[in-house]
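These are my notebook entries on one structure. I set down what I looked up, entry by entry.

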Amino acid sequence: MGKEEGVFRCIECNQSATELHRDYSNGILKITICESCQKPVDKYIEYDPVIILIDAILCKTQAFKHILFNTCLNIHWKLCVFCLLCEAYLRWSQLQGSGQSSDPADIIRYTKEWDFYSMFGLAAFELSAFCGGVLCFLWGLVGCLQGGDVELGLLLRALLLSCYGKILLIPAVIWEHDYSPLCLGLIKLFVLTSNSQAIRVILNSSRRLSMMAVCVGLVSETCAAWAVERLPRTFEDIFTF
């Protein structure tokens with residue numbers, strides 16, 4: 001799998017494992033059995049990626065453990081940028097739809113591209129506030145008060161990967177209809193649910209703790225958005241001031 005020995009996890013009981021499978025002669029592979037629960041350490045190594053993706057969308061704990069612990073999937077930064085582009089496009093399209101100018105000589109039409117950049121920056125700022133709120137809460141509660149071990153780097157990677165649901169924002173914009181606000185709300189709920197499941201998997205914690213962390217992150221994101229709203233929202237606001 002391209003990882004060092006001793007860093008794998010059993011997707012059933014979360015115990016450490018030295019290998020996921022054993023390679024015998026003639027290309028015969030045998031899945032390693034966990035010494036703790038007597039189940040396969042990671043059954044997903046035999047599954048098609050589509051099946052793994054479906055189980056991840058269903059927020060199955062085993063699928064999350066396979067992706068976060070037993071693979072070398074290091075696309076979280078690229079996925080983060082792509083999701084931010086999706087969210088920026090959604091906000092930009094809503095901004096253009098509510099602020100059309102009928103004057104072809106209006107200087108505003110030359111600033112539409114900068115509006116998109118500002119929406120991207122806003123989305124990145126809110127995501128940073130969300131992740132910062134979650135990480136600070138978990139570090140303070142689990143790391144300091146409970147004396148637990150919090151791997152902030154691994155948690156950040158899990159949070160970014162679990163934001164994959166934001167990709168659904170693009171179809172919601174393309175196939176716009178009367179139920180778009182409901183669709184966007186459901187997408188937001190799905191992303192937060194995935195974030196909660198990722199935290200639960202990384203810390204091997206209760207659902208209550210992961211939901212509390214997500215709520216703290218959501219409050220932090222909301223406060224960041226509220227602070228930005230006090231500034232000029234678009235270049236149009238600046239030019240018409």
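I began at the start of H1, where a side-chain oxygen of aspartate 48 comes to within 2.9 Å of the backbone nitrogen of valine 50. I took polar contacts as pairs of N or O atoms within 3.5 Å; within protein, one must be able to donate a hydrogen and the other to accept it, and residues adjacent in sequence count only if both atoms are side-chain atoms. The model is predicted: local features need pLDDT of at least 70, side-chain atom pairs count only at pLDDT 80 or more, and totals for chains, interfaces and linings use all residues. Residues are numbered from 1 along each chain as its sequence is written, and side-chain values use heavy atoms, with hydrogens and water left out.

I placed valine 50 in helix H1, residues 49–57. Helices (H or I, at least four residues) and strands (E, at least two) are DSSP runs, numbered from the N terminus.

Is valine 50 buried, partly exposed or exposed? Valine 50 counts as partly exposed because its relative accessibility is 49%; buried means under 20% relative accessible area, exposed over 50%, partly exposed in between (1.4 Å probe, protein chains only).

I then listed the buried residues of H1: Ile52, Asp55 and Ala56. They cover an arc of only 100° around the axis, so they lie on the same side of H1; the arc is that of the directions from the helix axis to the C-beta atoms. An α-helix has 3.6 residues a turn, so residues three or four places apart point the same way. The buried residues of H1 pack against helix H2 (61–69). Just after H1, I noted a positive phi of about 60° at cysteine 59.

Next I turned to the loop between strand S1 (8–9) and strand S2 (16–17), which holds asparagine 14. Asparagine 14 is buried, at a relative accessible area of 11%. Which residues does asparagine 14 contact, leaving aside its neighbours within four places in sequence? I found Arg9, Lys65, Phe69 and Asn204, contact meaning heavy atoms within 4.5 Å.

Last, I recorded the protein chain as a whole. The chain has nine helices and four strands, and from the N terminus its elements run β-β-β-β-α-α-α-α-α-α-α-α-α. Of its 241 residues, 41% are buried. Among contacts with a separation of 6 or more, residues 24 or more positions apart account for 67%.
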